[in-house]
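Q: I have a new structure open and would like to learn how to read its features. Could you walk me through a few of them?

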Amino acid sequence: MPMPRYHRDDLLRYAEGLLTRAGMEADKAAVTAAVLVEGDMIGHETHGLQLMHWYLECLADGSLNGKGSYEVVADKGAGFVWDGRLLPGAWLLTKALDQAMERVREHGIVGAAIRNCHHTCALSAYMRQATDQGLIVQLSASNPAARRVAPYGGTQPILTPNPLAMGFPTSGDPILVDVSSSITTTTMTQLLAKKGERYPEPWGLTAEGQPTDDPKEITERGGTMMPLGGALKGHKGYGLALMVDLLGQGLSGKGRANTDAPGPLAQSAFLQVIDPDFFAGLDAFTEQSDWLANACRTNPPAPWNKGAVRVPGDSASAKRRDAMQNGVPVAQNDWDRMAKHAEKLGMTPPAALQGRLTH
């Protein structure tokens with residue numbers, strides 16, 4: 001059955017209200033709600049409002065800090081480091097991107113590292129913040145407090161899925177690359193294990209290092225998730241994971257070498273903003289990005305491809321437009337869990353849309 005849909009503005013008010021009534025400051029709740037709803041709008045359901053139940057529980061047990069501000073560890077203009085103090089990752093990344101975008105017009109390239117950051121949501125949800133202004137953006141995140149991925153050829157977990165994303169402006173829809181360094185994600189692994197379902201392919205390793213399609217080998221029996229590339233080419237994902245670890249943890253000065261993580265989720269993030277005007281210029285850049293995107297989209301599709309060739313970000317852009325016009329889809333189970341929190345907090349959930357949006 002199709003998922004019920006809700007008007008974006010109603011969802012934003014609802015999500016923001018849940019977070020503020022649960023103890024998160026208004027500015028942080030507004031940004032966190034926006035990033036979660038954006039995740040659902042672009043099709044990243046596992047990193048959209050599906051996370052609200054968990055966020056509210058984290059606020060209740062104190063593992064997510066809903067109040068206060070970050071600590072500035074270092075600031076040298078074109079580069080800065082913050083200690084996030086377990087504040088919402090959506091708020092921290094948005095604030096850091098805002099600051100980087102302000103400074104990039106002067107410096108050309110600005111980078112930032114954030115340590116002790118709570119969950120960062122879907123990295124693709126931040127891309128348009130920069131690409132809409134003609135800027136290039138890079139984001140990556142890891143969790144040094146957790147170990148779920150073994151180095152390629154090993155059996156003991158050291159790394160996390162370590163997502164990395166980049167957004168590039170074009171004259172139309174942006175090119176949005178968002179991948180994990182592992183084949184699958186922690187959230188997907190936990191969801192499949194809870195449902196008693198299996199991976200579509202052997203995406204994990206047992207504790208003995210044998211490929212498996214059973215997510216419970218990871219969640220219950222000491223196995224690990226495979227690096228991107230799997231059993232034959234996992235050295236590629238392993239290399240990407242090392243890059244993400246070192247950019248976020250090495251540059252922030254806090255990572256796996258430090259054993260005093262303040263909580264089970266104390267992520268390290270790295271971001272970089274690039275202004276094409278400091279190079280050959282934005283027009284020169286979009287001439288290349290437009291040509292490349294068009295060349296990929298018009299490439300003759302392979303026999304196994306049921307549609308046209310897509311550019312990374314095409315699906316997200318199409319889903320976002322559909323959500324703006326026809327409402328944001330939210331899975332019924334996720335909605336029911338939010339509704340239970342709303343009842344406890346004295347809130348009334350918005351009604352599902354009936355038919356097509358007209359505004």
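Q: How many cavities of 30 Å³ or more does the count come to?
A: A cavity is a space where a probe fits but cannot get out. In this predicted model, the count comes to one cavity of 30 Å³ or more. The largest cavity has a volume of about 30 Å³.

Q: Which residues line the largest cavity?
A: Its lining is made by Thr32, Tyr55, Leu64, Pro88, Gly89, Ala90, His118 and His119.

Q: And what is the volume of the second largest pocket?
A: A pocket, unlike a cavity, is an open set of points. Here the second largest pocket has a volume of about 220 Å³. Among the residues that line this pocket are Arg8, Val31, Glu38, Tyr126 and Arg320.

Q: Which helix gives the most to that pocket's lining?
A: That is α2, with four residues. Both α2 (26-41) and α5 (127-131) supply at least two residues each.

Q: Is Lys254 buried or exposed?
A: Buried means under 20% relative accessible area. Lys254 has 19%, so this residue is buried. You will find Lys254 in the loop between α8 (230-252) and β11. Leaving aside residues up to four places away in sequence, Lys254 touches Arg115, Asn116, Gln249, Asp260 and Ser268.

Q: Which residues make the nonpolar surface patch of about 290 Å²?
A: Ile109, Phe278 and Phe279 make this patch. Take Phe278, which sits in the loop between β11 (267-274) and α9 (282-297). With a relative accessible area of 40%, Phe278 is partly exposed.

Methods:
Residues numbered from 1 in each chain as written. Predicted model: local features only at pLDDT ≥ 70, side-chain atom pairs only at ≥ 80, totals over all residues. Heavy atoms only, no water. Patch = residues over 30% accessible without salt bridge, like charges linked within 9 Å, V, L, I, M, F, W, Y side chains within 5 Å. Areas by Shrake-Rupley, 256 points an atom, 1.4 Å probe, with all protein chains shown as cover. Salt bridge = Lys/Arg side-chain N within 4 Å of Asp/Glu carboxyl O. Buried < 20%, exposed > 50% of the residue type's maximum accessible area, 1.4 Å probe, protein only. Contact = heavy atoms within 4.5 Å. 1 Å grid on protein atoms, 1.4 Å probe; cavity = no way out; pocket = protein on both sides within 12 Å on 5 of 7 lines; lining within 4 Å. Points joined across faces, edges and corners; volume = space filled by probe spheres on them.
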